[in-house]
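Open your viewer, switch to a cartoon view, and keep the sequence panel beside it. We will go from one selection to the next and look at what is there.

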Amino acid sequence: MSAIAYGRYVGLPFADHGREGGFDCWGLVRHVLRCERGVLLPDYGDRYTRYDDPASVERAIDAGLHEQWQRVAQPQVGGLVIFRIAGLPRHVGLVVDTDRFLHMPSRETSCVERLSSPMWAKRIEGYYVLKDSAAA
């Protein structure tokens, strides 16, 4: 799959439950995949209370992964990377190339970071692709 033109998605504002204009981590992934690939993903906003409610965020991520995503061994452009925060899967980013991901840090602006950075490499829970694209 070709690289994602992520530059225009860097610096977007954070918004709790944000899906347009401002984004949370899932809202950003959802927005980029819709704009860049035409992929329409569920909102999942009704599955968690707030970005800082770890239990509900974990449940939303878990439910979403089981519905549409398949775990893969290596990062794939346009796929997800799930991170453990405080030991539990609580954050999602979008793989933009072999060692970088786009994400929305809480209460900040969207940015691109390295998967191999000391801060993120030890937190990776796994990589995922849409189930219908796993064989591609």
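Helices (H or I, at least four residues) and strands (E, at least two) are DSSP runs, numbered from the N terminus. What you see is a predicted model, where local features need pLDDT of at least 70 and side-chain atom pairs count only at pLDDT 80 or more, while totals for chains, interfaces and linings use all residues. Residues are numbered from 1 along each chain as its sequence is written, and side-chain values use heavy atoms, with hydrogens and water left out.

**The whole protein**

Of the 136 residues in the protein, 46% are buried. Buried means under 20% relative accessible area, exposed means over 50%, and partly exposed is in between (1.4 Å probe, protein chains only).

**The sheet**

Hide the surface and select the strands. In what order do the six strands of the open sheet lie? The order is S1-S6-S2-S3-S4-S5, with antiparallel pairing. At the edges are strand S1 (69-72) and strand S5 (111-114), each pairing on one side only. Direction ignored, neighbouring strands of this sheet are turned by 40° against each other on average. Two strands pair if DSSP finds at least two bridges between them. As background, strands of a sheet pair through backbone hydrogen bonds, either parallel or antiparallel.

Next, select residues 100-103, which are strand S4. Four bridges join S4 to S5, and the two run antiparallel. To find a facing pair, show His103, which stands opposite Cys111 in S5.

**A helix across the strands**

Select residues 25-37, helix H1. H1 lies across S1, strand S2 (80-85), strand S3 (88-97) and S4. It runs at about 25° to S3; the axes behind such angles are lines fitted to C-alpha atoms, for helices over the stretch in contact, and the angles run from 0 to 180 degrees between N-to-C directions.

Select residues 124-130, strand S6. Is S6 enclosed or open to the outside? Seven of the seven residues of S6 are buried, so this strand is largely enclosed by the rest of the structure. S6 pairs with S1 in the antiparallel sense over four bridges, and Gln70 has Val129 in S6 as its bridge partner. Four bridges also join S2 to S6, again antiparallel; here Leu80 stands opposite Tyr128.

Stay in S6 and show Tyr127. Tyr127 is buried, with a relative accessible area of 13%. Leaving aside neighbours within four places in sequence, Tyr127 is in contact (heavy atoms within 4.5 Å) with residues including Gln70, Val72, Leu80, Val95 and Leu115.

A search of the whole structure finds six salt bridges. The term stands for a side-chain nitrogen of Lys or Arg within 4 Å of a carboxyl oxygen of Asp or Glu. Here are some to visit.

- Show Arg34 and Glu20, whose closest N and O atoms are 2.6 Å apart. Arg34 is in helix H1 and Glu20 in the segment before H1, 14 residues apart. Arg34 is partly exposed at 34%, whereas Glu20 is exposed at 55%.
- Show Glu125 and Arg71, with closest N and O atoms 2.8 Å apart. Glu125 lies in S6 and Arg71 in S1, so the pair ties together parts that are 54 residues apart in sequence. Arg71 is partly exposed, with a relative accessible area of 47%.
- Show Arg114 and Asp99, which meet at 3.3 Å, N to O. Arg114 lies in S5 and Asp99 in the loop between S3 and S4, so this pair ties together parts that are 15 residues apart in sequence. Arg114 counts as partly exposed at 46%.

For a last stop, zoom in on Asp99. Not counting residues up to four places away in sequence, Asp99 touches Glu113, Arg114, Leu115 and Ser116.
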